[in-house]
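Subject: Structure for your files

Hello,

Please find the structure below, followed by notes on what was found in it.

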Amino acid sequence: MTKKAAPKVGRHVLWFSWKLVTFFCIAFSLVALFRLHLRYDISSSAVSRTRSRIHYDGPAKIAFLFLARRELPLDFLWGSFFEIADVENFSIFIHSAPGFVFDELTTRSKFFYGRQLSNSIQVAWGESSMIAAERLLLEAALEDPANQRFVLLSDSCVPIYNFSYVYKYLMASPRSFVDSFLDRKESRYNPKMSPTIPKGKWRKGSQWITLIRRHAEVIVDDEIIFPVFKKCCKRRPPLDARKGKMNMKLQKQHNCIPDEHYVQTLLAMSELEGELERRTLTYTLWNLSTTGNQNWHPLTFSYANAGPQQIKEIKSINHVYYETEFRTEWCRSNSIIVPCFLFARKFSRGAAMRLLSEGIVGTFDTSTLLDQSS
C-alpha cells in the first residue's frame, strides 16, 4: 500500500496568512506615518491660521529687521531715515549679541532703544545659526498684526531713498522680494538632504530678503526643512597648514552656506515661487577679481566712493541678469518697472556720514558725530 502525499492545502493557508499579516503590518505603518505627517500639517497650519485670523484695521507697518554683530554702527543714518516717517508705519527689531542692550549709552538714535530681542543667540557666519537668528526676528515681528512687510537688513546696510518712497514701493506690491535662482555651477547641494529636499528644488540667492506676511509665516512655522539644513548644510573648513594631508579630505566636503539657500529653497518647496519677485532689494558691489583671497567678497563703500554719482548709478539699475538660468529679471513693483534697489551694503561709517552731509539720503549735522568721535 503506497503512502499518500501530504495535502498542500495547509501550506497554502499558512502562506496566505503570512502574506495577509505582512500586508496589514505595512498598511498600518503607512497609515501611522500619514497620520503623523497630517498631524504636523494641521498643527503647523493652525498656528498660521491663528495669526491670519487676527483682524487689524490700522495702517500697515514695515518691520525693519536688523541682523547685527553687536551695536549698529550706522544708527545715526537710520535715525535720520526714521525721523521723517510716521511711527505708525514702521517697527524695528534687532538681533544682536546675547545680552547686548540698545539704550542711550549704546546707540545715538532713540528709535533703537530697547528694540533688541531678548532671546537672541550667538551667530557665526556660514552656519545655521544665521538662519536661526533670521527666524527669531521674523517670529518676533509676526506678533504684531500690523506688520505686513518684513525687511531683513545687515548692520552695514543703508537706505538709498527716503522712508516715504520705500513705504509706497513695498506696499504697492503683493509679492515678496527674494533673490532666488538655480544653483548649477556650485556643488553646495548635499545628496544626504534627499528625499526631504530634492535637488530640483535647490535654490541659491541673497540673504537680504523682503517678505509679505504669509511668506514670513511659512518660514517661522517650518519644522521640516530647517533641521535638514542644520544637519547637512555646513560651511567647508578653511585650509589649515597644520592639518597637512587632512586638508585634501576636508576640501572635498560640500561647502554649503545656509543663509544663501534656506529661504529660497523653502519657498520653492512650498510652491510659492510664483508669488515672488525673484530679486533682492539690497545692492551689493562684488569684488569680481579672479585672483587673491578676496574673490567674490562684497566690497565696502568708503567716504571716497559713496558720493552722489555712485548712488545715482545704483538707483538707475532696472534689471538683473541671472547667468545660471539665462534669465533677465526686470525690476517691477505691482507690474510697473521700477529701480531695482531700495538699500545698499556694505557702507562704512565715513560713507554713511557722506550720504547725510551731502543730503543724498537725508539731512543731518555730521559735525556732532565728529565731536563725539574726538
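E1 and E2 (residues 90-95) run parallel and are joined by six bridges; two strands count as paired if DSSP finds at least two bridges between them. Helices (H or I, at least four residues) and strands (E, at least two) are DSSP runs, numbered from the N terminus. The model is predicted: local features need pLDDT of at least 70, side-chain atom pairs count only at pLDDT 80 or more, and totals for chains, interfaces and linings use all residues. Residues are numbered from 1 along each chain as its sequence is written, and side-chain values use heavy atoms, with hydrogens and water left out.

E1 also pairs with strand E3 (residues 147-154), in the parallel sense and over seven bridges. Here Phe64 stands opposite Val151 in E3.

Seven of the seven residues of E1 (residues 61-67) are buried, so the strand is largely enclosed by the rest of the structure. Buried means under 20% relative accessible area (1.4 Å probe, protein chains only). Lys61, Ala63, Leu65 and Leu67 point one way from E1, while Ile62, Phe64 and Phe66 point the other way.

E1, helix H2 (residues 75-83) and E2 make a right-handed β-α-β unit: with the strands pointing away from the viewer, the path from the first strand over the helix to the second runs clockwise.

Separately, there is an open sheet of three strands in the order E4-E15-E10, with mixed pairing. Strands E4 (158-159) and E10 (282-284) stand at the edges with a single partner strand each, so one side of each is left without a neighbour in the sheet.

Regards

Note on methods. Buried < 20%, exposed > 50% of the residue type's maximum accessible area, 1.4 Å probe, protein only.
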